[in-house]
Amino acid sequence: MSRPTVRVLTLLGLLQSGGIRTVAELAERLGVDGRTVRRYVDQLNDLEVPVEAVRGRYGGYRLAPGYRLPPLMLSDDEALAVLLGLVASRRGGLTTADTAGETAAAKIRRVLPERLAHRLDTVLESLAFTASPGPFAIPDSEVLLTVADAVRHRRPLSIRYTDRDGRRSERPLHAYGIVSHADRWYVTGTDPEIGEDRTFRLDRIAAARTLPGSFEVPTGLDPAQRVLSGFATAEYRYAVTLRIHGTVDQIRARLPASVASVEEAAPTARVDPGIERWLRVELRAETLDWLPPVLASLDRPFVIERPDELRNLVITLAERLASCARQA
C-alpha cells in the first residue's frame, strides 16, 4: 500500500472519530502540509465519502452527519481472530442470546472472499474440544448493558431479582463490577440499604434501571477476587475447617479460591509463601462426598477440625482403598 493511500485512510480514521478537525491539526497528524490535506479530502469525496468543509474561526473538516461507513475490511488474521472468538464465546457461555454468536459468525462468513472463507472453514472444521458445551445461563442483553453502564459511571441501580429458591424481590445495588466465572455472569457490589456486600447472577436479574445519584467504589477493590471469595464463604449445609501442612500453591492446586479460603493457623512473622507450614483451610459445601478424594490427592498431612461427618467419610475411603490394595 502506497504511503499517500495510507495517509488518506488515516485521515478517514481521524474524521471517523467525530467532531471538526482543523486543517492544521490534520496536517500535523498526517505529517503533510495544508494543501496536501485538502487534496486527500478531495480523494475521499471522489470515493463518495462525504467530507464537509466547515468555515469560520474554528472551522475545518468533518464527516457529513448521518453518514455510515461501508462494512469493515478484515485481514486474514483479523477474520480468524473474530470467528475463533465467536466460537469460544458460544462454548464458554459469554453471549447474551442463544443464537447471537452463531448468526454473527454466519454473517461474517458470507461476506468473506472465497479464498479466505475456505481457509477459515478448514480451521474451524479441524478444531476439536475436550469437553461438550454445557447448559449456559445467558443474561438479558438490556440488563447486561444497563448494569455495565452503572458500573462505569458509578450510578445506583434497582434490580428485580429471583434467588435460587425462587423468591422474587426488588432491591437497590451499587454495582462495582461484572465477572464471568464458570460459564456464568455475575455482578458484585453493595446493597446500600443494609450496607452488605452482595453478588448476583445476571441471568436471574429480570430488569435493571438506574437511579439518581452516584457512589464511590472502595479503594483497591478487585471484583473477580470478591466473587471468588463469596463462593468460598457462601451459606451451604456444611462448614468445613481443616489444617493442612504444605504451601499455599499446593493447597490451591486442589482447593482453588472459589472453593476454599486459606490462612495461617497462627499469626507469625512474614514467611516465604513457598515454605511448607500448617495452614488453616475453611470452606462450605452442600455435600461432603467429593472432599475425601480431594484431600487424598493433595498428598499432604491434614487434620479435620470439623465436621465429624467428613472425618468418617475419610476413614471409610481409606479403609476401602486399603482393602482394594490388599486384593491379589
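1. Is Leu228 buried, exposed or partly exposed? Leu228 is partly exposed, at a relative accessible area of 23%. The cut-offs are under 20% for buried and over 50% for exposed, with partly exposed in between (1.4 Å probe, protein chains only).

2. This is a predicted model: local features need pLDDT of at least 70, side-chain atom pairs count only at pLDDT 80 or more, and totals for chains, interfaces and linings use all residues. Residues are numbered from 1 along each chain as its sequence is written, and side-chain values use heavy atoms, without hydrogens and water.

3. Leu228 sits in helix α8 (residues 223-232). Helices (H or I, at least four residues) and strands (E, at least two) are DSSP runs, numbered from the N terminus. Leaving aside neighbours within four places in sequence, Leu228 is in contact (heavy atoms within 4.5 Å) with His181, Ala257 and Ser258. Its C-alpha atom is 7.7 Å from that of Val259, 31 residues apart along the chain.

4. Thr190 belongs to strand β5 (residues 184-191). Thr190 has 12% relative accessibility, so it counts as buried. Its side chain makes a polar contact of 2.9 Å with that of Tyr176. Such a contact is a pair of N or O atoms within 3.5 Å; within protein, one must be able to donate a hydrogen and the other to accept it, and residues adjacent in sequence count only if both atoms are side-chain atoms.

5. In α11, Leu310, Val314 and Leu317 are buried. They cover an arc of only 65 degrees around the axis, which puts them on the same side of α11. The arc uses directions from the helix axis to the C-beta atoms. Glu319 and Arg326, on the other side, are exposed.
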